[in-house]
Amino acid sequence: MAIGSTRETGVSTPRAPTSATLTARAPGTVEVPENTILTTLDSVVNWCRKYSLWPMPFATACCGIELMAVGASRFDIARFGAEVMRFSPRQCDLMIVAGRVAMKMMPVLQRIWLQMPEPKWCISMGACASTGGVFDTYAVVQGIDRFIPVDVYIPGCPPRPEQILRAIMEMQAKIQRGGSLAGTGLPEQAEREKMLVEKQTMPPGFALAGERGDEDRFGYRLPGGPGELGAGESM
Amino acid sequence: MTSKETLIGMTTATGTGPPKDPHAATLATLARICGAGAFDTSQFRDNLRLFVPRERLLEVLGVLKGECGFAMLAELGGSDYLGYPGTTRVRFEVHYVLLNLETAERLVVKAGVDEPAPTLPTVVGLWPGANWMEREVYDMYGITFTGHPDLRRILMPEEFTAFPLRKDYPLRGRGERHNFPRLTRGES
């Protein structure tokens, strides 16, 4: 049974099984009794978290049907410990956005995301939730990651149930990798916080980040950006 | 007014004799009460369409419901003919698809309305089912229905300012779909 990273574990076979006392044999080595595992508390907590995900199905379109198939017996999401679907965001820690999100729905999605308790994660399932898909119109949000944080993306229209199981496994690996009780959070959080600081120091009228440069190219209005963008897009 | 011979009517049950025009009685009643100048007709297959001037719309629809038995408003919709090839009429059109529940006769009544401030009288008083349909036309085209009891947007959010089915509105919008606060990991 190996839990967490092996760096701190350092399990070694005890050379003196009769002795129950812990004696330092040499500088830098620790004698560990039998049936004892050393690990970090963060690692154990993350191990508990990753096998007890409670998904919140935010299903707005046909991806939701595939999500139901994952919950049924043939694919059986319970094998990965994520079968407890709850329809209240206050009881969930994994939001699965399955389907397109209209601009009228986006404030609702953000509100539900804010209602979920920490720690929480988000899976963007399918082409529409990730990029808007074929619905490149005024009413459909072009990717939910523009407005809420997303941990794992699933391509497909709709994705196969196996892809959703794979995404759950990726999610578990990510949960095991990051997050701590001390509050340092996921490794990706440092990037986001850096971007947040950039946003605060950015003068109004400028883009947020280089990765969002395509919005200027397509004439979209950026949050806090100049309002007259898009006027040249007549037809 | 188109003569009856050019109308493609249904044939009689026996198949003998000239085709019978299913709209003959309706058109005769309408012409008797409102006068022949109240409407103009055209035909596409078996759909008879009446073009009514905006000022006489409510009068003609009232006669059609009260005297001709069109008890049901099957559909109410709008259209924008901006840049439509070969069009000679005004920009917007609102159509009313009427159904006579006893004779199964269907009739399309159209009314043109132009910019700026396109306005039509409401028909909620005649058919209460027009309430939400007129709200949808208002939402998508910005056509105001005077006298409507509750003329609000029905599909788009309340704070939406444009009328998205107008032809001069870009398909991708004017940035409305991107005007949301961005929640980050640190904030949420």
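**View 1. Helices H1(B) and H2(B) make a right-handed crossing.** A crossing counts as right-handed if the near helix is turned clockwise from the far one by less than a right angle, and left-handed if anticlockwise. This is a predicted model: local features need pLDDT of at least 70, side-chain atom pairs count only at pLDDT 80 or more, and totals for chains, interfaces and linings use all residues. Residues are numbered from 1 along each chain as its sequence is written, and chains are lettered from A in the order in which they are written. The axes of H1 (residues 24–34) and H2 (residues 57–66) of chain B come within 10 Å and cross at roughly 130°. That makes H1(B) oblique to H2(B); oblique is what remains once angles under 35 degrees (roughly parallel), over 145 (roughly antiparallel) and 65 to 115 (roughly perpendicular) are taken out. Axes here are lines fitted to C-alpha atoms over the stretch in contact, with angles from 0 to 180 degrees between N-to-C directions.

**View 2. Who touches whom between H1(B) and H2(B).** From H1(B) come B:Leu30, B:Ile33 and B:Cys34, and they meet B:Glu59, B:Val60, B:Val63 and B:Leu64 of H2(B). Contact means C-beta atoms, placed from the backbone, within 7 Å. The tally is 6 nonpolar, no polar and 1 charged; Ala, Val, Leu, Ile, Met, Phe, Trp, Tyr, Cys and Pro count as nonpolar, Asp, Glu, Lys and Arg as charged, and the others, Gly among them, as polar.

**View 3. The buried residues of helix H3(A).**

**View 4. A cis peptide bond at A:Pro158.** The bond from A:Cys157 to A:Pro158 is cis, with omega near -10°. A:Pro158 belongs to the loop between strand S4 (152–154) and helix H6 (161–177) of chain A; helices (H or I, at least four residues) and strands (E, at least two) are DSSP runs, numbered from the N terminus.

**View 5. A positive phi at A:Asn35.** Phi of A:Asn35 is near 60°. A:Asn35 is exposed, with 6 other C-beta atoms within 10 Å.

Notes. A residue is buried if 20 or more other C-beta atoms lie within 10 Å of its own, exposed if 12 or fewer, and partly exposed in between; C-beta atoms are placed from the backbone. Two residues are in contact if their C-beta atoms, placed from the backbone, lie within 7 Å.
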